[in-house]
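Good morning, and thank you for coming.

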Amino acid sequence: MWYGLLSTLSFLIFPARLAQDKLAISYSALGDFLYAKSNLFDVDMTPKSYQQSMIELSLENGKLIAIFNEMKTALLTRLKGDRGQKDTRRSLQYYFVAQDIHERADSAHIDYQKLAKIFQHSDILFRFQRIMSIQGKACKDLSESLLMRKPYVHNQRFKHTFDNLRQSLDKLRQEQQYDQVWISALFALFQNLKSIDAQLRNLETEQSIKSERFKHIENQLRDDDLKGWDDIKIRIKQHLTPESVLFRHAIRLSIVLLISYIFVQVSNIEYGYWILLTALFVSQPNFNATKRRLRLRIVGTLVGIILGYAILYFVPSIEGQLLLLVLSGILFFELRSKQYAQATAFITILALINFNLD
């Protein structure tokens, strides 16, 4: 009884505390994710240790995404109640910064095993590993500062560490001892880590979000439905920047579709539009989602081809094929947003039966 009473009083006196606590948990989990990611830069990794590191990274990533979803729900609850006060705006800023850090840390997709083998006699990977470890520690410190309601102090060692890393990268590029493709990949990773550092450094001063930008973000969290031309204009303006995930996805998808179209026109492949459709359906806003969708697409297509030819062989009648055609279409629409591999299998069966009936 006393616990319930104290909890109720605490919530009434400190209504933003729940969001603050979840925010602290988010940054703590983000720190764990960065620690796990830093293990991929171990030059002494073996195939077994690499697999273990990838498993740990995947687990930490799953936990972090689940925590982000809980955090979004907590913020959404406060925003729906029109309680967007200073503490809520501050929590919202921290939430989007955490998401951006996660996206940047998760966006570097390199063959880490090959990278470790190439640079095994260089200190460059140790420097990357050290920076990611320190950034993980910074997220942990930020989590503690949120729990204790103390100001976050950014580690002053970052500047010196980044300067040394940049000098090492410049030296590697000048020596031309390694393939410049890998050097460019390391420079891209360096820029990502610098962006993460900038986000953490900005949080030290707790720069407030501009009122107009906050209004748009609040509207986005409050309701994802578009209710008129004004909402459409705001949404377009909000994402019309390279910082937007959707904007970058749109650019990538446009390039992929253009290349696919040129390939179809040059090769003059029959039913070449399937290449465009596959590129459209498989491409996702981030690399991991695209890779997973591509894998499911391949598996579903192969299963669909096997089952489709079996159906054509064992069900030669037009009536039976029409029945299975309708059934495949229904199952495709039912599963397309839940089980992509199964949905792909059924749409493949539908296409095979349809072509056979033609």
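This is a predicted model: local features need pLDDT of at least 70, side-chain atom pairs count only at pLDDT 80 or more; totals for chains, interfaces and linings use all residues.

**A walk through the helices**

At 0% relative accessibility, L64 counts as buried (buried means under 20% relative accessible area, exposed over 50%, and partly exposed in between, with a 1.4 Å probe and protein chains only). Residues are numbered from 1 along each chain as its sequence is written, and side-chain values use heavy atoms, with hydrogens and water left out.

L64 belongs to helix α3; helices (H or I, at least four residues) and strands (E, at least two) are DSSP runs numbered from the N terminus. Setting aside neighbours within four places in sequence, L64 is in contact with S26, A29, L30, F33 and H102, where contact means heavy atoms within 4.5 Å. L64 and S28 are 36 residues apart in sequence, and their C-alpha atoms are 9.1 Å apart in space.

Let me now step back to the whole protein. Its secondary structure comes to 15 helices and zero strands. Of its 358 residues, 37% are buried. Among contacts with a separation of 6 or more, 74% join residues 24 or more positions apart.

What does the largest nonpolar core contain? It has 59 residues, and those with the most contacts inside it are Y27, F119, I124, L125 and F128. A nonpolar core here is a set of buried Ala, Val, Leu, Ile, Met, Phe, Trp, Tyr and Cys residues joined through side-chain atoms within 4.5 Å. The elements that give two or more residues to this core are α2 (17-38), α3 (47-80), α4 (86-106), α5 (112-118), α6, α7 and α8 (180-205). Y27, for its part, touches Y94, V97, A98, C139, K140, L142, S143, L146 and L203, not counting residues up to four places away in sequence.

I turn next to a pair of helices. The axes of helix α6 (residues 124-148) and helix α7 (residues 157-175) come within 10 Å and cross at roughly 155°. That makes α6 roughly antiparallel to α7. Axes are lines fitted to C-alpha atoms, for helices over the stretch in contact, and angles run from 0 to 180 degrees between N-to-C directions. Angles under 35 degrees count as roughly parallel, over 145 as roughly antiparallel, 65 to 115 as roughly perpendicular, and the rest as oblique.

On the α6 side, the residues in this contact are I124, R127, F128, R130, I131, I134, Q135 and A138, and they meet R157, F158, T161, F162, N164, L165, S168, L169 and L172 in α7. By class, the contact of α6 with α7 has 10 nonpolar, four polar and three charged residues. For these classes, Ala, Val, Leu, Ile, Met, Phe, Trp, Tyr, Cys and Pro count as nonpolar, Asp, Glu, Lys and Arg as charged, and the others, Gly among them, as polar.

Leaving out residues up to four places away in sequence, Q135 touches L34, F158, F162, L193, I196, D197 and L200. Q135 and Y35 are 100 residues apart in sequence, yet 8.3 Å apart from C-alpha to C-alpha.

Q176 is found in the loop between α7 and α8, and its phi is near 55°, a positive value in a residue other than glycine. Q176 is exposed, with a relative accessible area of 62%. Y271 also has a positive phi, of about 60°, although it is not a glycine. Y271 sits in the loop between α11 (245-267) and α12 and, at 42% relative accessibility, counts as partly exposed.

Finally, I come to helix α12 and its partners. Helix α12 (residues 273-282) and helix α13 (residues 287-314) pack at an angle of about 135°, with their axes 9 Å apart. That makes α12 oblique to α13. T278, F281 and V282 of α12 make the contact with T290, R293, L294 and R297 of α13. These residues divide into three nonpolar, two polar and two charged.

α12 also packs with helix α15 (residues 340-357), at an angle of about 165° and with the axes 14 Å apart. That makes α12 roughly antiparallel to α15. Here Y273, W274, F281 and V282 of α12 meet Y340, A351 and F355 of α15. By class, this contact has seven nonpolar, no polar and no charged residues.
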